[in-house]
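Hi,

Here is the structure I promised to pass on. My notes on it follow below.

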Amino acid sequence: MFPNALSNLRQIGVALHNHHAVYGSLPPPNGLRLGSNDPSTLLSWMVHILPQIEQDMLFTRSIDACRTDSVPWHNPPHVGFSTVIREYVCPAEWRLDHPIGNSFGVSAAYTSYIGVGGKLGGSGVLGNYPGIRLTDIADGTSQTLMVGERPPPDTFQAGRWYSVIEYYEGYISSGGPDVSLPVRMPARPGDTQCARARSDFGPGRTTKPCDRYHFWSLHFTGANFLFADGSARMISYSAAPSMPALATRAGGEVVSEY
(Lines give C-alpha, C1' and ligand atoms only; values in the text may rest on other atoms or scores of the structure.)
Protein backbone atom coordinates (compact mmCIF):
# COMPACT_ATOMS: atom_id res chain seq x y z
CA MET A 1 0.00 0.00 0.00
CA PHE A 2 1.29 3.46 -0.84
CA PRO A 3 2.26 5.75 2.08
CA ASN A 4 -0.59 7.90 3.38
CA ALA A 5 -3.06 6.34 0.94
CA LEU A 6 -5.76 6.43 3.63
CA SER A 7 -5.18 10.01 4.79
CA ASN A 8 -7.31 11.62 2.09
CA LEU A 9 -10.26 9.38 2.90
CA ARG A 10 -9.98 10.23 6.58
CA GLN A 11 -9.97 13.95 5.73
CA ILE A 12 -13.03 13.46 3.54
CA GLY A 13 -14.69 11.62 6.41
CA VAL A 14 -14.05 14.49 8.82
CA ALA A 15 -15.43 16.92 6.25
CA LEU A 16 -18.59 14.87 5.73
CA HIS A 17 -19.20 14.63 9.48
CA ASN A 18 -18.64 18.37 9.90
CA HIS A 19 -21.09 19.05 7.05
CA HIS A 20 -23.61 16.86 8.85
CA ALA A 21 -23.05 18.82 12.07
CA VAL A 22 -23.77 22.11 10.27
CA TYR A 23 -26.68 21.08 8.03
CA GLY A 24 -28.18 18.08 9.82
CA SER A 25 -27.56 15.72 6.90
CA LEU A 26 -24.93 14.47 4.52
CA PRO A 27 -24.79 16.21 1.13
CA PRO A 28 -26.62 16.92 -1.09
CA PRO A 29 -29.31 18.75 0.90
CA ASN A 30 -31.99 18.77 -1.79
CA GLY A 31 -33.31 16.62 -4.63
CA LEU A 32 -31.98 16.53 -8.18
CA ARG A 33 -33.90 18.83 -10.51
CA LEU A 34 -32.36 19.19 -13.95
CA GLY A 35 -32.54 22.66 -15.42
CA SER A 36 -32.39 24.31 -12.02
CA ASN A 37 -29.85 26.90 -10.89
CA ASP A 38 -29.91 25.38 -7.41
CA PRO A 39 -26.34 24.35 -6.42
CA SER A 40 -27.78 21.37 -4.59
CA THR A 41 -29.04 19.97 -7.88
CA LEU A 42 -25.96 20.76 -9.98
CA LEU A 43 -22.93 20.22 -7.76
CA SER A 44 -21.57 16.99 -6.31
CA TRP A 45 -21.27 16.09 -2.66
CA MET A 46 -17.55 16.85 -2.99
CA VAL A 47 -18.38 20.48 -3.76
CA HIS A 48 -20.67 20.73 -0.75
CA ILE A 49 -17.87 19.75 1.66
CA LEU A 50 -15.32 22.22 0.25
CA PRO A 51 -15.73 24.59 3.25
CA GLN A 52 -14.85 21.67 5.51
CA ILE A 53 -11.52 21.10 3.72
CA GLU A 54 -10.54 24.79 3.81
CA GLN A 55 -11.68 25.55 0.26
CA ASP A 56 -14.20 28.24 1.20
CA MET A 57 -13.35 30.55 -1.70
CA LEU A 58 -13.84 27.84 -4.33
CA PHE A 59 -17.12 26.83 -2.68
CA THR A 60 -18.39 30.41 -2.82
CA ARG A 61 -17.35 30.76 -6.45
CA SER A 62 -19.11 27.50 -7.29
CA ILE A 63 -22.34 28.60 -5.63
CA ASP A 64 -22.21 31.95 -7.42
CA ALA A 65 -21.51 30.20 -10.74
CA CYS A 66 -24.70 28.16 -10.43
CA ARG A 67 -26.75 31.32 -10.03
CA THR A 68 -25.45 32.71 -13.32
CA ASP A 69 -25.09 29.51 -15.37
CA SER A 70 -26.97 26.24 -14.86
CA VAL A 71 -24.54 24.27 -17.03
CA PRO A 72 -21.81 23.12 -14.63
CA TRP A 73 -19.22 22.26 -17.31
CA HIS A 74 -19.20 25.87 -18.60
CA ASN A 75 -15.88 27.26 -17.42
CA PRO A 76 -16.00 30.16 -16.75
CA PRO A 77 -17.92 30.68 -14.53
CA HIS A 78 -17.60 27.12 -13.16
CA VAL A 79 -13.87 27.22 -12.47
CA GLY A 80 -14.22 24.32 -10.06
CA PHE A 81 -14.90 21.99 -12.98
CA SER A 82 -11.18 22.08 -13.83
CA THR A 83 -9.70 22.74 -10.39
CA VAL A 84 -7.66 19.87 -8.95
CA ILE A 85 -8.30 19.25 -5.24
CA ARG A 86 -5.38 17.49 -3.55
CA GLU A 87 -7.59 15.72 -1.01
CA TYR A 88 -9.60 14.15 -3.83
CA VAL A 89 -6.61 12.53 -5.58
CA CYS A 90 -4.87 9.36 -4.37
CA PRO A 91 -1.15 9.99 -3.67
CA ALA A 92 -0.33 7.16 -6.09
CA GLU A 93 -2.34 8.73 -8.93
CA TRP A 94 0.09 10.85 -10.93
CA ARG A 95 -2.33 11.19 -13.88
CA LEU A 96 -4.73 13.40 -11.94
CA ASP A 97 -2.42 16.16 -10.69
CA HIS A 98 -3.58 18.53 -13.44
CA PRO A 99 -6.80 19.21 -15.42
CA ILE A 100 -7.30 16.80 -18.30
CA GLY A 101 -8.88 17.61 -21.64
CA ASN A 102 -10.93 15.18 -23.70
CA SER A 103 -11.57 14.83 -27.42
CA PHE A 104 -14.40 17.39 -27.22
CA GLY A 105 -12.08 20.10 -25.90
CA VAL A 106 -13.49 20.06 -22.37
CA SER A 107 -10.93 20.22 -19.57
CA ALA A 108 -11.92 18.74 -16.22
CA ALA A 109 -10.39 17.84 -12.86
CA TYR A 110 -10.74 14.25 -11.71
CA THR A 111 -10.88 12.31 -8.45
CA SER A 112 -9.72 8.89 -7.27
CA TYR A 113 -12.80 8.49 -5.04
CA ILE A 114 -16.51 8.01 -5.45
CA GLY A 115 -19.46 7.82 -3.06
CA VAL A 116 -20.84 4.40 -2.16
CA GLY A 117 -24.41 4.31 -3.43
CA GLY A 118 -25.50 1.03 -1.87
CA LYS A 119 -26.78 -1.70 -4.15
CA LEU A 120 -28.36 -0.95 -7.50
CA GLY A 121 -31.40 1.21 -6.86
CA GLY A 122 -30.02 3.14 -3.89
CA SER A 123 -29.96 2.41 -0.17
CA GLY A 124 -26.43 3.71 0.25
CA VAL A 125 -24.97 6.61 2.20
CA LEU A 126 -23.91 9.01 -0.59
CA GLY A 127 -25.61 9.68 -3.88
CA ASN A 128 -29.04 9.88 -2.33
CA TYR A 129 -31.36 12.82 -3.01
CA PRO A 130 -31.75 14.45 -0.58
CA GLY A 131 -28.78 13.59 1.62
CA ILE A 132 -29.41 11.21 4.49
CA ARG A 133 -28.85 11.64 8.23
CA LEU A 134 -26.35 9.51 10.07
CA THR A 135 -29.24 8.20 12.16
CA ASP A 136 -30.64 6.69 8.95
CA ILE A 137 -27.75 4.22 8.92
CA ALA A 138 -29.52 1.42 10.78
CA ASP A 139 -26.79 -1.14 10.08
CA GLY A 140 -24.31 0.91 12.11
CA THR A 141 -21.83 3.51 10.90
CA SER A 142 -18.87 1.20 11.56
CA GLN A 143 -20.44 -1.43 9.28
CA THR A 144 -21.43 0.82 6.37
CA LEU A 145 -19.25 2.13 3.56
CA MET A 146 -19.42 5.81 2.60
CA VAL A 147 -16.64 6.48 0.02
CA GLY A 148 -14.35 4.16 -1.94
CA GLU A 149 -11.56 4.17 -4.48
CA ARG A 150 -12.28 4.00 -8.21
CA PRO A 151 -9.54 5.34 -10.53
CA PRO A 152 -10.79 7.04 -13.71
CA PRO A 153 -10.11 5.08 -16.89
CA ASP A 154 -7.50 6.39 -19.31
CA THR A 155 -10.39 7.44 -21.57
CA PHE A 156 -11.54 9.74 -18.72
CA GLN A 157 -15.17 8.84 -19.30
CA ALA A 158 -15.72 8.96 -15.53
CA GLY A 159 -14.26 10.48 -12.40
CA ARG A 160 -15.04 14.20 -12.66
CA TRP A 161 -15.49 15.46 -9.10
CA TYR A 162 -17.41 18.70 -9.60
CA SER A 163 -20.83 18.07 -11.09
CA VAL A 164 -23.81 15.83 -10.39
CA ILE A 165 -24.67 15.90 -14.10
CA GLU A 166 -22.57 13.42 -16.03
CA TYR A 167 -22.94 14.64 -19.59
CA TYR A 168 -22.14 17.70 -21.60
CA GLU A 169 -22.39 18.95 -25.18
CA GLY A 170 -21.13 16.38 -27.66
CA TYR A 171 -20.68 13.69 -25.00
CA ILE A 172 -23.99 12.31 -23.85
CA SER A 173 -23.52 8.53 -23.91
CA SER A 174 -21.11 6.28 -22.04
CA GLY A 175 -20.28 8.85 -19.38
CA GLY A 176 -19.84 8.35 -15.65
CA PRO A 177 -20.49 7.31 -13.03
CA ASP A 178 -18.80 10.33 -11.43
CA VAL A 179 -20.34 11.01 -8.03
CA SER A 180 -21.80 7.78 -6.66
CA LEU A 181 -21.39 4.11 -7.51
CA PRO A 182 -23.48 1.19 -6.24
CA VAL A 183 -21.80 -2.17 -5.91
CA ARG A 184 -22.38 -4.58 -8.79
CA MET A 185 -23.49 -1.82 -11.13
CA PRO A 186 -24.30 -2.99 -14.67
CA ALA A 187 -23.36 -0.90 -17.67
CA ARG A 188 -25.78 1.89 -18.39
CA PRO A 189 -28.35 1.52 -21.18
CA GLY A 190 -26.77 2.38 -24.52
CA ASP A 191 -23.24 1.62 -23.36
CA THR A 192 -22.62 -1.23 -25.78
CA GLN A 193 -18.88 -1.09 -25.10
CA CYS A 194 -19.41 -2.38 -21.57
CA ALA A 195 -22.53 -4.49 -22.00
CA ARG A 196 -20.73 -7.62 -20.75
CA ALA A 197 -18.39 -5.99 -18.29
CA ARG A 198 -18.06 -7.44 -14.79
CA SER A 199 -19.09 -5.14 -11.97
CA ASP A 200 -18.02 -7.02 -8.83
CA PHE A 201 -15.44 -5.55 -6.47
CA GLY A 202 -12.06 -6.70 -7.77
CA PRO A 203 -8.86 -5.70 -9.55
CA GLY A 204 -9.04 -3.29 -12.46
CA ARG A 205 -6.90 -1.46 -14.98
CA THR A 206 -6.98 2.15 -16.15
CA THR A 207 -6.58 0.81 -19.70
CA LYS A 208 -9.98 -0.93 -19.42
CA PRO A 209 -12.75 1.70 -19.67
CA CYS A 210 -15.41 -0.66 -18.32
CA ASP A 211 -13.64 -1.00 -14.97
CA ARG A 212 -15.21 2.35 -14.11
CA TYR A 213 -18.34 0.38 -13.17
CA HIS A 214 -16.80 -1.18 -10.05
CA PHE A 215 -14.69 -0.21 -7.06
CA TRP A 216 -10.98 -0.99 -7.33
CA SER A 217 -7.63 0.71 -6.74
CA LEU A 218 -4.00 0.90 -7.81
CA HIS A 219 -2.93 -0.91 -4.64
CA PHE A 220 -2.87 -4.49 -6.03
CA THR A 221 -4.51 -6.44 -3.18
CA GLY A 222 -7.60 -4.36 -2.51
CA ALA A 223 -9.00 -0.85 -2.26
CA ASN A 224 -9.27 1.78 0.45
CA PHE A 225 -12.70 2.71 1.79
CA LEU A 226 -14.13 5.29 4.17
CA PHE A 227 -16.75 4.00 6.59
CA ALA A 228 -19.64 6.10 7.81
CA ASP A 229 -18.09 6.38 11.29
CA GLY A 230 -15.12 8.24 9.75
CA SER A 231 -12.65 5.36 9.89
CA ALA A 232 -10.78 4.27 6.76
CA ARG A 233 -9.12 1.00 5.90
CA MET A 234 -8.02 -1.27 3.09
CA ILE A 235 -10.51 -3.97 2.10
CA SER A 236 -9.15 -7.01 0.30
CA TYR A 237 -10.63 -8.10 -3.01
CA SER A 238 -11.35 -11.43 -1.32
CA ALA A 239 -14.14 -9.62 0.57
CA ALA A 240 -16.17 -9.10 -2.61
CA PRO A 241 -19.09 -11.28 -1.39
CA SER A 242 -19.53 -8.96 1.62
CA MET A 243 -19.64 -5.74 -0.39
CA PRO A 244 -23.43 -5.55 -0.94
CA ALA A 245 -23.98 -5.82 2.81
CA LEU A 246 -21.31 -3.23 3.60
CA ALA A 247 -22.64 -0.85 0.95
CA THR A 248 -26.21 -0.69 2.22
CA ARG A 249 -27.20 1.42 5.22
CA ALA A 250 -30.27 -0.46 6.45
CA GLY A 251 -30.22 -3.96 5.03
CA GLY A 252 -30.09 -5.71 8.37
CA GLU A 253 -27.06 -7.77 7.38
CA VAL A 254 -24.33 -8.77 9.84
CA VAL A 255 -20.83 -8.69 8.38
CA SER A 256 -18.20 -10.31 10.56
CA GLU A 257 -15.23 -10.52 8.16
CA TYR A 258 -13.99 -8.19 5.45
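The count comes to 1 disulfide, taking a disulfide as a pair of cysteine sulfur atoms within 2.5 Å. It joins Cys194 to Cys210, with S to S at 2.0 Å. The torsion about that S-S bond is about -90 degrees, so the disulfide is left-handed. Cys194 and Cys210 each lie in the loop between β6 and β7, so the pair ties together parts that are 16 residues apart in sequence. Both are buried (under 20% relative accessible area; exposed is over 50%, partly exposed in between, with a 1.4 Å probe and protein chains only).

Before you go further: this is a predicted model, where local features need pLDDT of at least 70, side-chain atom pairs count only at pLDDT 80 or more, and totals for chains, interfaces and linings use all residues. Residues are numbered from 1 along each chain as its sequence is written, and side-chain values use heavy atoms, with hydrogens and water left out.

Pro186 is in the loop between β6 (180–183) and β7 (222–227) too (helices, H or I, of at least four residues and strands, E, of at least two are DSSP runs, numbered from the N terminus). At 40% relative accessibility, Pro186 is partly exposed. Leaving aside residues up to four places away in sequence, Pro186 touches Leu120, Ser199 and Tyr213 (contact means heavy atoms within 4.5 Å).

Then there's α4. Its buried residues are Leu58, Phe59, Ser62, Ile63, Ala65 and Cys66, and they pack against α2 (39–42) and α3 (45–48). On the other side of α4, Met57, Arg67 and Thr68 are exposed.

Cheers
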